[in-house]
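Dear colleague,

Please find below the structure that I am handing over to you. My notes on what was found in it follow directly after.

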Amino acid sequence: MNLMEFEFLVDGAIRTIGLENRGRTFVFRDGENVLEADVRRVSANELLFHFGGRTARIYLTRDAGRTLVSVAGREFIVTEAPQGHATSLKGDEKTSEGNLRIKAPMPGKVIKLSVGEGDEVRRNQTLLIVEAMKMENEIQSPVDGMIKKVHTAVGDFVDSEKPLIEIEAKK
Amino acid sequence: MTRSPDRSAGPKSRPVKKGAMFEKILIANRGEIAVRVIRACREMGIRSVAVYSEADARSLHVQLADEAVPIGPAPAVDSYLDMGRIVEAAQRSGARAIHPGYGFLAENPDFARLCEKEKLIFIGPNSAALALVGDKVRARQTMEEAGIPTIPGMKSASRLPEEFRAAARSLGYPVMVKASAGGGGKGMRIVHDEKGLAPALEAGMREAKSSFGDDSVFLEKYIVEPRHVEFQVLADNAGGMVHLFERECSIQRRHQKILEEAPSPALGPELRMKMAETAIKAMRAAGYNNAGTVEFLLDPDRRFYFLEVNARLQVEHPITELVVGVDLVRQQILMASGAKLSLRQEDLHQRGHAIECRIYAEDPKTNFLPSPGRIAFLREPKGPGIRFDSGIFEGWDVPVHYDPILGKLIVWAEDREAACRRMSAALDDCVILGIHTTAGFLRDVVDHPEFRSGRTTTAFIGKHFPSWGTGVEEEEKERLALAAAAFDALTQPAGPASVPPRETKGQNVTPWTALGRWRAGGHEPHGV
């Protein structure tokens, strides 16, 4: 019997998928959920899953270390689960000093910066405005606190990876 | 004029005076609408000239046009909004006419005036009509004088905070901040109380300035839960005018349409006729020519109010094309060349039902934040009655500088229910990987019982979709996606972007290293 398990990260959660090759079919396990399907590859980017009298066409491609999957009009981004099993991978991370790192939720251009280093901010106060595709997006403070660092300036193009502002939360 | 006879002499082709039709048209736009106009030119035997910014050198409209002229850096103000460069590109390439598409310079009367001065034909209304309908305040005055019902609001734009405060008080909250030069929801803000007025004005003015180069805004009474119904009008240069019935565009997010249909499920024959007659009257009052749309709000008591004239070809024009059987871009070009309308009102009818879904590069899970980036994989939906107007291709990087519209999925079917089912299936078949799009969200809109029953208002999204992307169906799809990722990793370990498989001893199955980790040994699965 060929049985293996894969650990994936999807939508911020770690998921373990068991896969067993039974020759004519494959059995997939996700916790209590078991799916036995006849799987055929149509092309590098298209799989057919036959199960329970239905057929699901699934499209996928790999891009920058991610597997992008489309199932009936929904897209999922699947990556390798990181080592160490962090419980929460969503949201703004913290620096080693415990400051909150604020990132842009989307790539774009900084068109307004409302705070400077040393400013006191309240929760939901607008910190800066990032514009992309002609849409303005206000980034607000998640906490009451003080601005420790500002890593960006008006006119900068920013991505959604690099921190823009560091905030020390009020205790 | 060198049109070949085989292209112009078909039995159904409209007789065009020899020498009247343009030989070459410049398209002052990008994306799906530039592609749409280029296709019309090709079918009419007209050469097309694309213009492009540095961010669009590889874009689809550049690939499809007969000629392409670079007009500057990525920011629209330095390229697609630069009138001088566009006029120069037209003159250098020998184009006699400019099609502006929608957005950018399409409703800019200065640009229409510049074209008139430079003896270029602007494929759109005359500059005087464009200036009138483009100024929302003057347009409303004109409509009021013509006896057309309008929404109560300020008589003119203002800069004084106290004037806005006084106007808001006399109209009664909620009120709406609107850009004088506005359109497409840009610069609009709903204000529920006096506290919210100042920030809404500031944001509205800033957005109006960046979208239209004009920061003047005014206030209007906000009508709660209306329908948005608009009428398509065609007007030739000799005063001939027909309407092509309505489109309902109530499904909006951030005051921007995301789904449109024709006919409107809200109109009976009598109300339809009355609104159509009002639309024609409005366009006559404005001295309008070429293609244009009169937008109305229809309140829950079936009273309708003039909203504005969209003085351009609209994003949602294909649903009218499918239901009425008229090619609107071809008609625009014919009318601009001086041809009289060959369409007669009594010959125009609505047949069947059409729906359009706008596929935006936006993430519906994060309240429609823009999602620029690379399209890693694309599979366009196909089938009877399905049309996909897009400006995208696999491997293209969707730029951050412009509107997030990727394309439009349009279906036609015999009736509304059949059109909904067709749209639902087509959205399921619309595969765009690498960036987030609105396709999956729109599928759920089309499948929603309130939408199926035709109870559509501008409040629909906020009311029925306060959030999106969870539920049993979503979980099942996610599970299938994970199964597919596991299967793919197992059977195709060296995917195009993956690392080569690692050697592993004592295993019969090809080890898989591109994604996830493989726990060696294969212990018994859970729950067995």
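**Helix 6 of chain B**

In this predicted model, helix 6 (residues 127-134) of chain B is largely enclosed by the rest of the structure, because 6 of its 8 residues are buried. A residue is termed buried if 20 or more other C-beta atoms lie within 10 Å of its own, exposed if 12 or fewer, and partly exposed in between, with C-beta atoms placed from the backbone. Helices (H or I, at least four residues) and strands (E, at least two) are DSSP runs, numbered from the N terminus. The buried residues of helix 6 of chain B are B:S127, B:A129, B:L130, B:L132, B:V133 and B:G134. Their cover includes helix 5 (109-117), helix 7 (136-145) and strand 13 (304-310) of chain B.

**Conventions**

Residues are numbered from 1 along each chain as its sequence is written, while chains are lettered from A and ligands numbered from 1 in the order in which they are written. As the model is predicted, local features need pLDDT of at least 70 and side-chain atom pairs count only at pLDDT 80 or more, whereas totals for chains, interfaces and linings use all residues.

**Chain B as a whole**

Chain B has 17 helices and 22 strands, and 53% of its 528 residues count as buried. Of the contacts in chain B with a separation of 6 or more, 63% are between residues 24 or more positions apart; two residues are in contact if their C-beta atoms, placed from the backbone, lie within 7 Å.

**Confidence**

The mean pLDDT (the predictor's confidence in each residue, from 0 to 100) of chain B is 89, and 89% of its residues reach 70 or more. Two stretches of chain B stay under 50: residues 1-19, with 18 contacts beyond four places in sequence, and residues 496-528, with 64 such contacts. Where pLDDT is low, the predicted coordinates should not be read in detail. For the complex, the predictor gives an ipTM of 0.78 and a pTM of 0.84.

**The interface with chain A**

Between the chains, 57 residues of chain B are in contact with 61 residues of chain A. Elements of chain B that each supply at least two residues to its side include helix 9 (197-212), helix 13 (416-428) and helix 17 (472-491). The largest share, 16 residues, comes from helix 17 of chain B. By class, this side of chain B has 30 nonpolar (Ala, Val, Leu, Ile, Met, Phe, Trp, Tyr, Cys and Pro), 15 polar (the others, Gly among them) and 12 charged residues (Asp, Glu, Lys and Arg).

With kind regards
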